[in-house]
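Hello,

Here is the structure you were waiting for. My notes on one helix and its surroundings follow.

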Amino acid sequence: MTLSLAAFLVGLFGVPATLLWLGHRLRKRSPLVLGLFWGAVVGYGAAVLAVLVAGFCPMEAWTSQEVLRGLVGYWSLLVLPVVGGLLGAVRAWRA
């Protein structure tokens, strides 16, 4: 198993499970955790759209040296929720 495949699987199964756990009793959480949660949810939604767009592009549109498709297809499900969560937490922390 490659590192990219492991990142894809963690993003596909681990991130939604973590968001489910974090969303439990959401009303009783601090504003910082609320910002982290909603930022991660928005980031995950954006990542799902990016993966779908990359997956539906025809194979002829990509070259064998194309790095962007691998980054979008494998890593965005893991990276974008983390970035969104950090941005949401910073936004809630500043408010």
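**Helix α3 and its neighbours**

The axes of α1 and α3 come within 7 Å of each other and cross at roughly 50° (axes are lines fitted to C-alpha atoms, for helices over the stretch in contact, with angles from 0 to 180 degrees between N-to-C directions). The two helices are therefore oblique to each other (under 35 degrees is roughly parallel, over 145 roughly antiparallel, 65 to 115 roughly perpendicular, the rest oblique). On the α1 side the contact includes Leu3, Phe8 and Val15, and on the α3 side Trp75 and Pro81 are among the residues involved (contact means heavy atoms within 4.5 Å).

This is a predicted model, in which local features need pLDDT of at least 70 and side-chain atom pairs pLDDT 80 or more, while totals for chains, interfaces and linings use all residues. Residues are numbered from 1 along each chain as its sequence is written, and side-chain values use heavy atoms, without hydrogens and water.

α3 bends by about 70° at Trp75 (the angle between axes fitted to the seven residues ending there and the seven starting there).

Ser76 lies in α3, residues 68–94 (helices are DSSP runs of H or I, at least four residues, numbered from the N terminus). Ser76 is buried, at 8% relative accessible area (buried is under 20%, exposed over 50%, partly exposed in between, with a 1.4 Å probe and protein chains only). Leaving aside residues up to four places away in sequence, Ser76 touches Ala47, Val51, Leu71 and Pro81. Other buried residues of α3 include Gly73, Leu77 and Gly84; the cover over the buried residues includes α1 (3–23) and α2 (31–56).

Regards
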